[in-house]
Amino acid sequence: MSLVTMKDLLDRAEGYAVGAFNASTPDMIPDILTAAEREQAPCILQVSWSALIFIGTAVFSALAPELARRVSTPVAIHLDHCTDIGQIEQAFGLGFTSVMIDASRLTLEENIRVTREVVRKAHARGISVEAELGRIGGTEDDVSSDVSTFTDPDEARWFVEQTGVDALAVAVGTAHGLYRGKPKLDFQRLRRLHEVSDAHLVLHGASGLPDEAVTEAVRCGVKKINVATELKLAWLEGVREVSGDDPRKVLGRARERVVEVVRAKIALMRGGT
């Protein structure tokens with residue numbers, strides 16, 4: 001199936017959310033796609049800028065789009081949490097069908113200005129755009145924030161109207177990285193955001209989030225859910241499970257663990273257990 005944009009996937013998502021899975025290493029790319037194929041579900045393959053540089057832009061641009069086209073289910077390729085317009089412009093030619101501009105550290109007015117500029121450039125190339133409003137705390141790859149500022153529904157409505165962004169990452173109590181306690185999401189706020197925003201809602205920080213919280217977030221209108229840390233942990237656990245000096249066996253188990261986690265998350269987001 002051909003590559004599609006993030007907006008295409010989220011427009012079709014009725015009663016479920018599309019899983020967005022971060023590849024940190026080259027071998028995670030086919031693992032994520034294999035899991036989507038086995039679940040016969042759409043998915044978003046995404047990388048942060050630092051992961052893209054680690055994998056290599058030439059390797060990624062040759063590998064990810066080609067493998068995604070071989071999957072029988074629709075796939076979007078997304079650049080996650082990018083704060084630099086110059087980097088986003090570089091990504092336009094690397095096979096991405098979707099990008100995220102994260103200007104949430106700026107004032108509302110500056111966030112609108114920067115996001116509007118990215119939307120203009122991306123949409124001209126048929127590429128979807130995700131933005132962030134509010135601050136999601138925690139640390140994950142290129143993202144680190146000691147504070148969390150919940151998204152204001154009125155500001156969200158205005159932000160989407162002014163930018164024309166396709167998807168909006170909102171802060172409602174999740175965090176990047178691992179949770180140190182049980183997260184408490186503001187589902188009432190999430191429902192209100194869904195009511196007032198014309199953009200698809202995105203939930204970051206789903207690694208370690210209780211299953212019931214994921215299910216409720218989908219009921220509240222979330223269409224895209226990001227998973228990154230759990231994939232890293234699964235990969236490392238797989239490596240530790242195999243002893244010996246054959247890297248194919250060691251990495252083989254790591255890859256199996258990644259596929260298992262992605263499949264479970266996809267099933268959960270689509271209403272399974």
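Arginine 191 pairs with glutamate 216 in a salt bridge whose closest N and O atoms are 3.4 Å apart. The term denotes a side-chain nitrogen of Lys or Arg within 4 Å of a carboxyl oxygen of Asp or Glu. Arginine 191 belongs to helix α8 (residues 187-196) and glutamate 216 to helix α9 (residues 211-219), so the pair ties together parts that are 25 residues apart in sequence. Helices (H or I, at least four residues) and strands (E, at least two) are DSSP runs, numbered from the N terminus.

Arginine 191 is partly exposed, at 38% relative accessibility, and glutamate 216 is partly exposed as well, at 22%. Buried means under 20% relative accessible area, exposed means over 50%, and partly exposed lies in between (1.4 Å probe, protein chains only).

## Basis of the model

This is a predicted model, in which local features need pLDDT of at least 70 and side-chain atom pairs count only at pLDDT 80 or more, whereas totals for chains, interfaces and linings use all residues. Residues are numbered from 1 along each chain as its sequence is written, and side-chain values use heavy atoms, with hydrogens and water left out.

## Other salt bridges

Side chains of opposite charge can pair when their charged atoms come close. Across the whole structure, a search finds 22 salt bridges. One of them joins glutamate 130 to lysine 224, with the closest N and O atoms 2.8 Å apart. Glutamate 130 lies in strand β5 (residues 128-133) and lysine 224 in strand β11 (residues 222-227), so this pair ties together parts that are 94 residues apart in sequence. Both glutamate 130 and lysine 224 are buried.

A further salt bridge, at 2.7 Å from N to O, links the side chains of arginine 120 and glutamate 117. Both residues lie in helix α6 (residues 108-123), 3 residues apart, about one turn of the helix. Glutamate 117 is partly exposed, with a relative accessible area of 25%. Elsewhere, a network of salt bridges links Glu237, Glu241, Arg253, Glu256, Arg257 and Glu260.

Helix α2 (residues 28-39) has 12 residues, which at 1.5 Å a residue should span 16 Å; its end C-alpha atoms are 17 Å apart, in agreement. The expected span is 1.5 Å times one less than the number of residues in the helix. The buried residues of α2 are Met28, Ile29, Pro30, Asp31, Ile32, Leu33, Ala35 and Ala36.

Glutamine 40 follows α2 and lies in the loop between α2 and β2 (43-48). Its relative accessible area of 47% makes glutamine 40 partly exposed.

## Positive phi angles

Most residues other than glycine have a negative phi. Glutamine 40, although not a glycine, has a positive phi of about 50°. Histidine 81 is likewise not a glycine and has a positive phi of about 40°. Histidine 81 lies in strand β3 (residues 75-82) and counts as buried, at 5% relative accessibility.

Glu109, Asp152, Asp154 and Glu155 gather in a surface patch of negative charge. Such patches are made of residues with over 30% relative accessible area and no salt bridge, like charges being joined within 9 Å. Lys and Arg count as positive and Asp and Glu as negative, while His and the chain ends are not counted.

Aspartate 154, a member of the patch, is placed in helix α7 (residues 153-163). Aspartate 154 is partly exposed, with a relative accessible area of 46%. Arginine 157 also has its place in helix α7 and is partly exposed, at 34%. The C-alpha atoms of arginine 157 and alanine 199 are separated by 8.8 Å, although the two residues are 42 residues apart along the chain.

## Distances to glycine 238

Lysine 249 lies in helix α11 (residues 247-269) and is exposed, at 56% relative accessibility. Lysine 249 and glycine 238 are 11 residues apart in sequence and 9.9 Å apart in space, C-alpha to C-alpha.

Alanine 58 lies in helix α4 (residues 57-70) and is exposed, with a relative accessible area of 56%. From alanine 58 to glycine 238 the separation is 180 residues in sequence and 27 Å in space, C-alpha to C-alpha.

Conventions
Patch = residues over 30% accessible without salt bridge, like charges linked within 9 Å, V, L, I, M, F, W, Y side chains within 5 Å. Areas by Shrake-Rupley, 256 points an atom, 1.4 Å probe, with all protein chains shown as cover. Charge placed at Lys NZ, Arg CZ, Asp CG, Glu CD.
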